[in-house]
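The sequence and model are shown first.

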Amino acid sequence: LYDAGDPFSYALATETGVPKPSFFAMQALASILFDAGPKPPVSPVAFTLEDSAPFSTELRHLIFRRSDGTFVLIAWLDIASTPEETTRPVVVRFGGEVANVAVDSLRGLDVPKQTLQASRAIELLVSDHPSALLFNVVCP
(Lines give C-alpha, C1' and ligand atoms only; values in the text may rest on other atoms or scores of the structure.)
Protein backbone atom coordinates (compact mmCIF):
# COMPACT_ATOMS: atom_id res chain seq x y z
CA LEU A 1 0.00 0.00 0.00
CA TYR A 2 2.99 2.33 0.33
CA ASP A 3 6.29 2.83 -1.49
CA ALA A 4 8.80 0.65 0.29
CA GLY A 5 11.75 2.59 -1.12
CA ASP A 6 10.46 2.45 -4.72
CA PRO A 7 8.84 5.77 -5.73
CA PHE A 8 7.70 4.20 -9.03
CA SER A 9 5.66 1.43 -7.45
CA TYR A 10 1.89 1.12 -7.76
CA ALA A 11 1.42 2.04 -4.11
CA LEU A 12 -1.33 4.28 -2.76
CA ALA A 13 1.02 6.33 -0.54
CA THR A 14 4.65 7.36 -0.41
CA GLU A 15 7.06 5.76 2.03
CA THR A 16 6.23 8.54 4.51
CA GLY A 17 2.47 7.96 4.17
CA VAL A 18 1.62 10.90 1.90
CA PRO A 19 -1.29 9.91 -0.39
CA LYS A 20 -0.41 9.56 -4.08
CA PRO A 21 -2.90 10.30 -6.90
CA SER A 22 -3.82 6.61 -6.97
CA PHE A 23 -5.08 6.90 -3.37
CA PHE A 24 -7.56 9.60 -4.36
CA ALA A 25 -8.63 7.60 -7.43
CA MET A 26 -9.32 4.55 -5.24
CA GLN A 27 -11.16 6.72 -2.71
CA ALA A 28 -13.39 8.20 -5.45
CA LEU A 29 -13.98 4.80 -7.04
CA ALA A 30 -14.95 3.28 -3.68
CA SER A 31 -17.43 6.10 -3.05
CA ILE A 32 -19.03 5.58 -6.48
CA LEU A 33 -19.23 1.80 -6.16
CA PHE A 34 -20.27 1.64 -2.50
CA ASP A 35 -23.79 0.30 -2.50
CA ALA A 36 -25.51 -0.92 0.66
CA GLY A 37 -28.81 -1.47 -1.13
CA PRO A 38 -30.32 -4.71 -2.37
CA LYS A 39 -28.67 -6.60 -5.19
CA PRO A 40 -29.74 -5.01 -8.50
CA PRO A 41 -31.67 -7.08 -11.01
CA VAL A 42 -29.61 -8.70 -13.71
CA SER A 43 -30.37 -6.80 -16.87
CA PRO A 44 -27.78 -6.00 -19.50
CA VAL A 45 -27.31 -2.58 -21.01
CA ALA A 46 -26.56 -2.27 -24.71
CA PHE A 47 -23.56 -0.09 -25.50
CA THR A 48 -20.48 -0.02 -27.70
CA LEU A 49 -17.18 1.82 -27.34
CA GLU A 50 -15.68 3.32 -30.49
CA ASP A 51 -12.00 4.11 -30.00
CA SER A 52 -10.62 6.92 -32.16
CA ALA A 53 -7.57 4.69 -32.67
CA PRO A 54 -9.47 1.84 -34.38
CA PHE A 55 -6.65 -0.70 -34.45
CA SER A 56 -5.54 -0.10 -30.89
CA THR A 57 -5.92 -2.73 -28.20
CA GLU A 58 -5.29 -0.29 -25.34
CA LEU A 59 -8.88 0.64 -24.45
CA ARG A 60 -10.19 -1.14 -21.36
CA HIS A 61 -13.52 -0.92 -19.58
CA LEU A 62 -15.64 -2.37 -16.78
CA ILE A 63 -19.34 -1.88 -16.18
CA PHE A 64 -21.21 -2.12 -12.89
CA ARG A 65 -24.83 -1.65 -11.87
CA ARG A 66 -25.81 -0.12 -8.55
CA SER A 67 -28.92 -1.15 -6.63
CA ASP A 68 -30.64 2.14 -7.57
CA GLY A 69 -30.39 1.19 -11.27
CA THR A 70 -27.46 3.49 -12.07
CA PHE A 71 -24.85 2.01 -14.38
CA VAL A 72 -21.18 2.89 -13.88
CA LEU A 73 -18.94 2.44 -16.93
CA ILE A 74 -15.24 2.78 -16.11
CA ALA A 75 -12.90 3.30 -19.07
CA TRP A 76 -9.14 3.79 -19.36
CA LEU A 77 -6.20 3.28 -21.72
CA ASP A 78 -3.81 0.49 -20.85
CA ILE A 79 -0.68 2.54 -21.50
CA ALA A 80 2.30 3.64 -19.43
CA SER A 81 1.66 6.75 -17.36
CA THR A 82 3.69 9.85 -18.11
CA PRO A 83 3.75 13.34 -16.56
CA GLU A 84 1.93 14.57 -19.67
CA GLU A 85 -1.45 12.86 -19.68
CA THR A 86 -2.28 11.08 -22.93
CA THR A 87 -5.94 11.28 -23.87
CA ARG A 88 -7.98 10.29 -26.85
CA PRO A 89 -11.66 10.47 -27.67
CA VAL A 90 -13.85 7.42 -27.32
CA VAL A 91 -17.51 7.45 -28.33
CA VAL A 92 -19.94 5.52 -26.14
CA ARG A 93 -23.02 4.53 -28.15
CA PHE A 94 -26.06 3.31 -26.26
CA GLY A 95 -28.69 0.92 -27.59
CA GLY A 96 -31.45 3.02 -26.02
CA GLU A 97 -32.14 6.26 -24.24
CA VAL A 98 -30.12 7.20 -21.17
CA ALA A 99 -30.63 9.84 -18.49
CA ASN A 100 -28.77 11.39 -15.55
CA VAL A 101 -25.43 11.20 -17.35
CA ALA A 102 -22.31 12.31 -15.46
CA VAL A 103 -18.56 11.83 -15.85
CA ASP A 104 -16.30 11.44 -12.83
CA SER A 105 -12.56 11.75 -13.40
CA LEU A 106 -11.87 9.66 -10.26
CA ARG A 107 -9.23 12.24 -9.31
CA GLY A 108 -10.63 12.62 -5.81
CA LEU A 109 -13.72 13.42 -3.83
CA ASP A 110 -13.16 17.17 -4.12
CA VAL A 111 -13.22 17.12 -7.96
CA PRO A 112 -16.80 17.65 -9.16
CA LYS A 113 -18.52 15.33 -11.58
CA GLN A 114 -19.32 16.76 -15.00
CA THR A 115 -23.01 16.51 -15.90
CA LEU A 116 -23.71 15.78 -19.56
CA GLN A 117 -26.80 16.10 -21.69
CA ALA A 118 -28.32 12.67 -22.26
CA SER A 119 -27.73 11.35 -25.76
CA ARG A 120 -27.47 8.01 -27.52
CA ALA A 121 -23.80 8.81 -28.24
CA ILE A 122 -21.43 10.46 -25.78
CA GLU A 123 -17.80 11.34 -26.45
CA LEU A 124 -15.37 10.77 -23.59
CA LEU A 125 -11.75 11.77 -23.35
CA VAL A 126 -10.11 8.59 -22.07
CA SER A 127 -6.60 8.45 -20.64
CA ASP A 128 -4.33 6.14 -18.66
CA HIS A 129 -6.29 7.34 -15.63
CA PRO A 130 -9.71 5.66 -15.20
CA SER A 131 -12.83 7.76 -15.69
CA ALA A 132 -16.35 6.76 -14.72
CA LEU A 133 -19.45 7.41 -16.80
CA LEU A 134 -22.60 7.20 -14.68
CA PHE A 135 -26.02 6.87 -16.33
CA ASN A 136 -29.50 5.43 -16.08
CA VAL A 137 -31.32 3.59 -18.82
CA VAL A 138 -34.70 5.09 -19.73
CA CYS A 139 -37.39 2.43 -19.87
CA PRO A 140 -39.94 2.81 -22.67
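## Pocket lining

β7 is the strand that gives the most to the lining of the second largest pocket, with 4 residues. Strands here are DSSP runs (E, at least two residues), as helices are (H or I, at least four), numbered from the N terminus. At least two lining residues each come from β5 (98-104), β6 (114-116) and β7 (121-127). The lining has 12 residues, and those nearest the pocket centre are Val103, Gln114, Leu124, Leu125 and Ser131. By class, 7 of the lining residues are nonpolar, 3 are polar and 2 are charged. Here Ala, Val, Leu, Ile, Met, Phe, Trp, Tyr, Cys and Pro count as nonpolar, Asp, Glu, Lys and Arg as charged, and the others, Gly among them, as polar.

The volume of this pocket is about 170 Å³. A pocket is an open set of points on a 1 Å grid over the protein atoms alone, where a 1.4 Å probe fits, with protein on both sides within 12 Å along at least five of seven lines; lining residues have an atom within 4 Å of a point. Points are joined across faces, edges and corners, and the volume is the space filled by probe spheres set on them.

## Basis of the model

The model is predicted: local features need pLDDT of at least 70 and side-chain atom pairs pLDDT 80 or more, while totals for chains, interfaces and linings use all residues. Residues are numbered from 1 along each chain as its sequence is written, and side-chain values use heavy atoms, leaving out hydrogens and water.

## Salt bridges at Arg88

The structure holds 4 salt bridges (a side-chain nitrogen of Lys or Arg within 4 Å of a carboxyl oxygen of Asp or Glu). One of them pairs Asp51 with Arg88, at 2.7 Å from N to O. Asp51 is in strand β1 (residues 47-51) and Arg88 in strand β4 (residues 87-94), 37 residues apart. Both Asp51 and Arg88 are buried, where buried means under 20% relative accessible area, exposed over 50% and partly exposed in between (1.4 Å probe, protein chains only).

Arg88 also meets Glu58 in a salt bridge, at 2.9 Å from N to O. Glu58 lies in the loop between β1 and β2 (59-65), 30 residues from Arg88. Relative accessibility is 28% for Glu58, which is partly exposed, and 13% for Arg88.

## Arg60 and Asp78

The closest N and O atoms of the Asp78–Arg60 salt bridge are 3.2 Å apart. Asp78 is in the loop between β3 (71-77) and β4 and Arg60 is in strand β2, so this bridge ties together parts 18 residues apart in sequence. Asp78 is partly exposed at 45%, and Arg60 is partly exposed at 32%. Elsewhere, shared partners join Asp51, Glu58 and Arg88 into one salt-bridge network.
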